[in-house]
Amino acid sequence: MQGSSLEQVSSECGQKLEVIVGGDEGFARLDRVLAARRPELSRSRLKALILAGQVTVKGAPVRDPAYHVAKGDTITIDVPQAVAAEPEGEAIALDIVYEDDDIIVINKPRGLVVHPAAGHETGTLVNALIAHCGISLSGIGGVKRPGIVHRLDKDTTGLMVAAKNDRAHQSLSEQFADHGRTGAMRRGYMAFAWGALNRQRGTIDAPIDRHPHAREKMAVRDSGRQAITHWEVAECFNGRGGNPVASLLACQLETGRTHQIRVHMAHIGHPLLGDAVYGPHFKTKANALGPTAQAALAALGRQALHAYQLTIQHPRTGDILSWEAPLPGDLLLLQSALRAAE
């Protein structure tokens, strides 16, 4: 390409690749320029590096793959040192609810990432499962996600099932893809949301896609994939002066989109308590709480969301199995404090 150049610097920490935008590339998308100029890096790899802040233009990180470059711009790609393709087992304690030769059901604690990703290469649920299950763990989901058929956010607690062999993985994957439309699979969540909803139960049917500007977030967008959340009010809480301030909702998912409940509740004006991503503008709502509830919310430090119920059809026997996990300690404290309404 006319007027363009490539440079490469290698080190023990990885590689720094440099691209200078040529005249025929001006105003092209960043990801497309890099895909054409660095064919040794896949498009998915380049996108991940951009989103992770590993790509700079004129010395400043650019996290938008659609960013338009200009003639003469210097683009630097910081490619981290390669790591092993397969995660290794780690002795991480698991709260096992059920286990047999085909599946394992765990009650995931807060702070546990489900599978290795940028910034979380170790210390994940996958690392724990590899150590616990050994070579039987299904790899059909990819070497980075052995046994994983669904996920919970890092700070969402509750029930998860993983496959221990390929047959179980195939069956569970089909059940989660169907989301209980024709089968027995059910997923129930308890969510503490701001405000009082205007009816006892309802359904949110709103498509979800990546946020157009904040790529780490999701948003309701017409371009998104269908997302359906059913909710029912389980309990209401009053704040200072006896006015409604929060609700405990029982939610059922009919689809499984990233951050679905968090996005949907924020979309209808009732973001989850403690959700710093989708409810930052509701921080002042805490002023309506009594002092005990304010302290419990401040100590929570995460979105108030718990996967309390899971029902599946066993992949080998066909039996319908169901489990429930009570609210964890931090959410029980929050519930108790909200009930106090001091």
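Me: Which two strands form a hairpin with six residues between them?
Reply: That hairpin is made by strand 15 and strand 16. In its turn, Gly 318 has a positive phi of about 80°. Strands here are DSSP runs of E with at least two residues, helices are runs of H or I with at least four, and both are numbered from the N terminus.

Me: Before we go on, what kind of model is this?
Reply: It's a predicted model, where local features need pLDDT of at least 70 and side-chain atom pairs count only at pLDDT 80 or more, while totals for chains, interfaces and linings use all residues. Residues are numbered from 1 along each chain as its sequence is written, and side-chain values use heavy atoms, with hydrogens and water left out.

Me: Thanks! How many bridges join strand 15 to strand 16?
Reply: Five, and the two strands run antiparallel. Strands count as paired if DSSP finds at least two bridges between them.

Me: Which residues of strand 16 are on the covered face, and which on the uncovered one?
Reply: Leu 321 and Trp 323 are on the covered face. Ile 320, Ser 322 and Glu 324 sit on the uncovered one. In a regular strand, side chains alternate between the two faces of the sheet.

Me: New topic: how many aromatic pairs turn up in the whole structure?
Reply: Two. Rings of Phe, Tyr and Trp (its six-membered ring) pair if their centres lie within 6.5 Å; planes under 30 degrees apart count as stacked, over 60 as edge-to-face and the rest as tilted.

Me: Why is the pair of Tyr 98 and Trp 323 called tilted?
Reply: Their planes are at 45°, so the pair is tilted, and the ring centres are 5.5 Å apart. This pair links distant parts of the chain: Tyr 98 is in strand 6 and Trp 323 in strand 16, 225 residues apart.

Me: Is Trp 323 buried or exposed?
Reply: Trp 323 is buried, at 10% relative accessibility. Tyr 98, at 27%, counts as partly exposed. Buried means under 20% relative accessible area, exposed means over 50%, and partly exposed is in between (1.4 Å probe, protein chains only).

Me: What about Phe 192 and Phe 237?
Reply: Those two form a stacked pair, 6.1 Å centre to centre with 20° between the planes. Phe 192 lies in strand 9 and Phe 237 in strand 13, so the pair ties together parts 45 residues apart in sequence. Phe 192 is buried with a relative accessible area of 0%, and Phe 237 is buried too, with 2%.

Me: Back to backbone angles: what is the phi of Lys 58?
Reply: Lys 58 has a positive phi of about 55°, although it is not a glycine. Lys 58 is in the loop between strand 3 and strand 4, and counts as exposed at 61% relative accessibility.

Me: And where does His 179 lie?
Reply: His 179 is in the loop between helix 4 and strand 9. Its phi is positive as well, near 55°. His 179 counts as buried, at 13% relative accessibility.

Me: How many cavities of 30 Å³ or more are there?
Reply: The count comes to one. On a 1 Å grid over the protein atoms alone, a cavity is a set of points where a 1.4 Å probe fits but cannot get out; a pocket is an open set with protein on both sides within 12 Å along at least five of seven lines; lining residues have an atom within 4 Å of a point. Grid points are joined across faces, edges and corners, and a volume is the space filled by probe spheres set on the points.

Me: What's the volume of the largest cavity?
Reply: About 40 Å³. Its lining includes His 150, Arg 187 and Tyr 189, and strand 9 and strand 15 each supply at least two of the lining residues.

Me: How much space lies in the second largest pocket?
Reply: About 210 Å³. Among the residues lining it are Trp 194, Asp 275, Phe 282 and Lys 283.
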